[in-house]
Amino acid sequence: SYSQINSYTLCPQQYKLLYLDGIRKKYESIESYMGKRVHSVLEWLYKPENKEEYINFDRICKEYDKYWIDNWHSNIFVVKTKYNRKEKKYNYQRLSEKQLMFYYDQYYAIGKECLSNYYKEFYPFNQNVFGRELELTFSVKEYDKSNEPKFDKKTGKCIDSGTPIKEYPFKGIIDRFDKPYEEKWEIHDYKTGKRSKTSLQAQNDFQLALYQLGVQQNFKDVSEISLVWHSLR
């Protein structure tokens, strides 16, 4: 999966502990917790039974509160660091209970702001959604550089499929998958991180490109695919 490759790129030891040794942490950062709750609300928002309903922002906030409270657990942590210029390293600060509650409240508010930003831009949520949290299995082929596929520069169509030397099984989960027109698809991914991607970062991030391969292998009527990042903050 993309997350496995990303984990290995960041730290091979982390990859080993998570995916080879199967050691799963019971702790969860407040940033991760907030992101999951926002994703859950947006998944709920596009449920088929909600399609014909009038959903105002108060209703969205009510759903957000429900997910926030129902999933809360005692192993949520806050990372607070301060850079020590003299020692040239980051020192981790131990927070009091009062400080922890401040950051919990702060991230709760950030999650609500993410949903507010989305509401302002996409209400009344009449997008033609085909799937939510859609899991796809597909394969990625490896080629020798002398025998890679070739594409027409104008149309983008494959003119020489090349000969793969190996195939790797993959899986991916698409946050939202739309079909606005015949043979036209859109892959949407929600991000709740502090910084949005630059144009160059978006072009070099292969997460949605992997999902595009998955769509092309799982659906026949595909002529055009748009890859859409939503920087909710």
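This is a predicted model: local features need pLDDT of at least 70, side-chain atom pairs count only at pLDDT 80 or more; totals for chains, interfaces and linings use all residues.

Student: How many nonpolar, polar and charged residues does the lining of the second largest pocket have?

Tutor: By class, you get 7 nonpolar, 6 polar and 3 charged residues there.

Student: OK, now the largest pocket. How much space lies in it?

Tutor: About 1,800 Å³. Its lining is made up of 43 residues, and the closest to the centre are Tyr2, Ser3, Asn6, Ser32 and Lys191.

Student: Which helices and strands each supply at least two residues of the lining of the largest pocket?

Tutor: For the helices, it's helix 1, helix 2 (12-20), helix 3 and helix 7 (207-218). For the strands, it's strand 1 (28-29), strand 8 (164-181) and strand 9 (184-191).

Student: What does the lining of the largest pocket look like by class?

Tutor: It has 17 polar, 14 charged and 12 nonpolar residues.

Student: Changing topic: how many cavities of 30 Å³ or more does the structure hold?

Tutor: The structure holds 1. About 40 Å³ of space lies in that largest cavity.

Student: What lines the largest cavity?

Tutor: The lining residues are His39, Leu42, Glu43, Tyr46, Arg132, Glu133, Asp175, Arg176 and Tyr190. Helix 3 gives the most to this lining, with 3 residues, while strand 5 and strand 8 each supply at least two.

Student: And how does the lining of the largest cavity split by class?

Tutor: There are 5 charged residues, 3 nonpolar ones and 1 polar one.

Student: What about nonpolar cores? Which residues of the largest one touch the most other members?

Tutor: Val38, Leu42, Leu45, Ile60, Tyr118 and Phe125 do, in a core of 30 residues. Helix 3 (30-45), helix 4 (57-70) and helix 5 (97-122) each supply at least two residues of this core. Helix 5 gives the most to it, with 10 residues.

Student: Let's pick Ile60. What is Ile60 in contact with, leaving aside its neighbours within four places in sequence?

Tutor: Ile60 is in contact with Val41, Trp44, Leu45, Ile55, Leu115, Tyr119 and Phe125.

Student: Which residues does the second core include?

Tutor: Tyr2, Val140, Phe177 and Leu210 are among its 16 residues, and this second core is separate.

Student: Last one: Ser7. Where is Ser7 found?

Tutor: Ser7 sits in helix 1, which covers residues 2-10.

Student: Is Ser7 buried or exposed, and why?

Tutor: Ser7 counts as buried because its relative accessible area is 5%, and the cut-off for buried is under 20%.

Student: What does the Ser7 side chain have a polar contact with?

Tutor: With the side chain of Gln14, at 2.8 Å. Leaving aside neighbours within four places in sequence, Ser7 is in contact with Gln14 and also with Pro12, Tyr15, Leu18 and Tyr19.

Notes. Residues are numbered from 1 along each chain as its sequence is written. Side-chain values use heavy atoms; hydrogens and water are left out. Helices (H or I, at least four residues) and strands (E, at least two) are DSSP runs, numbered from the N terminus. Buried means under 20% relative accessible area, exposed over 50%, partly exposed in between (1.4 Å probe, protein chains only). A polar contact is a pair of N or O atoms within 3.5 Å; within protein, one must be able to donate a hydrogen and the other to accept it, and residues adjacent in sequence count only if both atoms are side-chain atoms. Contact means heavy atoms within 4.5 Å. A nonpolar core is a set of buried Ala, Val, Leu, Ile, Met, Phe, Trp, Tyr and Cys residues joined through side-chain atoms within 4.5 Å. On a 1 Å grid over the protein atoms alone, a cavity is a set of points where a 1.4 Å probe fits but cannot get out, and a pocket is an open set with protein on both sides within 12 Å along at least five of seven lines; lining residues have an atom within 4 Å of a point. Grid points are joined across faces, edges and corners, and a volume is the space filled by probe spheres set on the points. Ala, Val, Leu, Ile, Met, Phe, Trp, Tyr, Cys and Pro count as nonpolar, Asp, Glu, Lys and Arg as charged, and the others, Gly among them, as polar.
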